[in-house]
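This report goes through a structure part by part, from whole chains down to single residues. Keep the sequence and the 3D view at hand while reading.

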Amino acid sequence: MLPQKDIDVANYSFIFFLLIGLGAVQAQEIHLDITCNGSSIGLHRPIPLSEGGSIQVDKLKFYLRDSHANKMYLVDLEKDTNYTLLKVEGTVHLELGTDSLINVSGVLSGPFDPLEGMYWAWNSGYINFKCEGKYTDTQAVVHPFSYHLGGYQDPFQTHRSLSLKSNAAAEHCELALDSWFLHMFSQVGFNLMSPGLAAVNAMDVLSLGFNLAHEK
Amino acid sequence: MRWMSYHLVSIWPMKSSFVVSLLLILSSCAVGWLHFHAPNQQTYLQTWPKPIYALNLPADSNLVELGRHLFYDPILSRDSSISCSSCHLQYTGFAHVDHALSHGIDSRIGARNAPTLVNLAWMPIMHWDGGVKHIDLQPLNPITHPLEMDNTLEEVLKRLNRSKKYQQLARNAAGSVEIGSVVLFKSLRYFLLSLISADAKYDAVMRGLHEQFTEQELSGYKLFKRHCVSCHQEPLLTDNTLRSNGIAPDQTNPDKGAYSITLNASDLYRFKVPTLRNIAFTFPYMHDGRYAKLKDVINFYSDSASAFRLQYADLKLKQPFNFSATEKKDLLAFLYTLTDKTFLFNPKFGYPQP
């Protein structure tokens with residue numbers, strides 16, 4: 001038998017989606033667009049940076065939960081570039097990364113299967129955001145980079161709740177990585193693969209890259 | 001399968017599923033693990049703290065069997081040369097006897113001594129630095145670590161799914177011939193949880209059976225209660241916390257312990273308190289295996305004063321205990337009462353029949 005809390009959640013969800021169906025709640029599906037310097041990021045191709053130089057992303061995976069849709073994605077540009085989020089009454093609620101409960105729940109399947117390469121064995125917990133590639137600086141020097149952002153225990157927890165609001169008819173949810181790359185290259189270096197203050201700061205900067213935007 | 005309830009393929013509604021599943025797991029855990037042991041031992045185990053993890057035997061016995069086969073099979077290592085049991089030998093309390101630092105394939109030397117595997121159902125954190133918080137995914141460490149098995153999860157699953165033996169074992173255990181991450185780690189988990197040691201002379205005395213401590217053992221037990229029990233709490237003989245005992249880092253193998261996980265300065269040189277069960281068999285001692293003999297350990301706590309110990313050791317350990325020679329022997333005599341030969345030589349925990 002389900003505990004009362006879960007019955008409540010199920011009932012509320014049912015009512016919520018019923019209201020959407022009846023048109024009493026304004027809901028809209030919008031696409032997630034991951035960009036850098038105004039270009040959608042595709043894997044294995046160089047993207048020029050506004051400051052000069054270029055980046056090439058070879059792997060981009062991260063956990064993103066759409067609270068309105070009650071759906072967890074493992075965004076993985078290798079597998080799919082088309083992710084849809086639910087905007088309700090002008091608002092998108094997202095959770096970037098995994099919460100602490102998931103991190104201590106033992107072996108899980110689906111997006112949390114350790115086969116996905118998003119689990120740190122030596123320091124229990126999931127990598128919430130993984131980005132690997134190459135940065136070519138203005139002197140044409142190539143710097144391979146690997147960023148694995150994670151950590152679920154205070155004071156270094158990297159799970160972020162985001163609430164994006166737009167009164168206008170936003171056409172997509174953008175994750176702009178320009179500032180994040182700049183932060184990583186200038187403040188962190190080219191490798192970050194463990195929890196800590198640098199990961200916390202990197203996740204904060206990353207969170208600021210989410211916005212609701214019009215199609216250009 | 002019982003754990004299917006918390007497979008998160010659909011994630012709907014995700015958080016509530018977790019709560020429900022965890023409640024189900026915890027409630028099912030409460031009693032099942034006792035069934036693996038003799039009736040008088042069941043009663044004794046009921047006086048122990050409530051386990052964190054549990055078995056639901058005999059329902060899970062096929063999972064235990066699958067886990068046992070995996071534990072003893074070098075198929076997990078990249079070159080199929082070593083198994084879990086290479087560093088965790090039953091006859092030595094599932095510790096890595098006679099190696100200060102455990103080694104993996106190609107004689108690659110690690111940084112720590114492989115700890116004993118016993119009474120894991122009560123263990124909230126694993127590894128000497130406490131970095132692993134759940135037993136399920138602990139085996140992913142040795143399987144993938146370049147200094148241990150140096151394999152990949154993908155390769156392990158590919159090998160297992162090609163094996164008719166494992167397909168049959170998986171069918172028995174999980175109702176499906178396909179072995180994925182969940183079946184692999186759950187079965188290892190269940191075998192590991194079955195490794196319960198609670199039948200040493202110490203336990204017989206505590207259970208009020210016919211056994212009694214000798215005068216020397218009793219004297220040692222009193223010393224233990226005075227100096228050791230705050231960390232090595234009964235009946236598990238560990239409090240499963242991270243502490244510094246004041247042992248200075250080895251110059252050639254500096255190890256900052258739990259600090260490397262938490263990055264908290266107060267965790268510098270803290271390591272998980274090991275259980276003392278079967279301690280006479282689990283040599284060498286300390287996280288880096290620096291002491292080959294139990295008397296060396298006692299000598300450290302008794303006689304070894306240092307500025308490092310004064311600065312970093314837990315409050316009760318900052319000063320040497322200054323045991324007399326007789327007291328050292330008495331304490332040693334007590335520690336020998338922690339040997340559980342029923343556990344060490346239990347065929348249920350040994351190499352599986354082909």
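## The two chains

Chain B contains 15 helices and two strands. The model is a predicted one. Chain B has 354 residues, and 45% of them count as buried. Among its contacts with a separation of 6 or more, 66% are between residues 24 or more positions apart.

Chain A is built from four helices and 14 strands. It has 216 residues, of which 34% are buried. For contacts in chain A between residues at least 6 apart in sequence, 67% link residues at least 24 apart.

## Two helices that cross in chain B

Helix 3 of chain B covers residues 61–71, and helix 7 of chain B covers residues 164–174. Their axes come within 7 Å and cross at roughly 150 degrees. An angle over 145 degrees counts as roughly antiparallel, and helix 3 and helix 7 of chain B are therefore roughly antiparallel to each other. The crossing of these two helices is left-handed.

Which residues of the two helices meet? From helix 3 of chain B come B:Asn62, B:Leu63, B:Glu65, B:Leu66 and B:His69. From helix 7 of chain B come B:Leu169, B:Ala170, B:Asn172 and B:Ala173. By type, the residues of this contact are five nonpolar, three polar and one charged.

## The two sides of helix 7

Helix 7 of chain B has the buried residues B:Tyr166, B:Leu169, B:Ala170, B:Ala173 and B:Ala174. These residues lie on the same side of helix 7 of chain B, because they cover an arc of only 100 degrees around the axis. The buried residues pack against helix 3, helix 6 (153–162) and helix 8 (181–193) of chain B.

What is found on the face turned away from the buried side of helix 7 of chain B? That face carries the exposed residues B:Lys164 and B:Gln168. Just after helix 7 of chain B comes B:Gly175, with a positive phi of about 80 degrees.

## Cis peptide bonds

In chain A, the peptide bond from A:Asp154 to A:Pro155 is cis, and its omega is near 5 degrees. A:Pro155 sits in the loop between strand 10 (142–150) and strand 11 (160–165) of chain A.

In chain B, a cis peptide bond joins B:Glu234 and B:Pro235, with omega about 0 degrees. The loop that holds B:Pro235 runs between helix 10 (215–227) and strand 1 (242–243) of chain B.

A:Asn70 is not a glycine, yet it has a positive phi of about 55 degrees. Its place is the loop between strand 4 (54–66) and strand 5 (71–76) of chain A. A residue is buried with 20 or more neighbours and exposed with 12 or fewer. A:Asn70 has 18 C-beta neighbours inside 10 Å, so it counts as partly exposed.

B:Ser80, also a residue other than glycine, has a positive phi near 55 degrees. B:Ser80 is in the loop between helix 3 and helix 4 (84–87) of chain B. Is B:Ser80 buried, exposed or partly exposed? B:Ser80 counts as partly exposed, because it has 14 C-beta neighbours inside 10 Å.

Conventions. Residues are numbered from 1 along each chain as its sequence is written. Chains are lettered from A and ligands numbered from 1 in the order in which they are written. This is a predicted model: local features need pLDDT of at least 70, side-chain atom pairs count only at pLDDT 80 or more; totals for chains, interfaces and linings use all residues. Axes are lines fitted to C-alpha atoms, for helices over the stretch in contact, and angles run from 0 to 180 degrees between N-to-C directions. Angles under 35 degrees count as roughly parallel, over 145 as roughly antiparallel, 65 to 115 as roughly perpendicular and the rest as oblique. A crossing is left-handed if the near helix is turned anticlockwise from the far one by less than a right angle, and right-handed if clockwise. Two residues are in contact if their C-beta atoms, placed from the backbone, lie within 7 Å. Ala, Val, Leu, Ile, Met, Phe, Trp, Tyr, Cys and Pro count as nonpolar, Asp, Glu, Lys and Arg as charged, and the others, Gly among them, as polar. The arc is that of the directions from the helix axis to the C-beta atoms.
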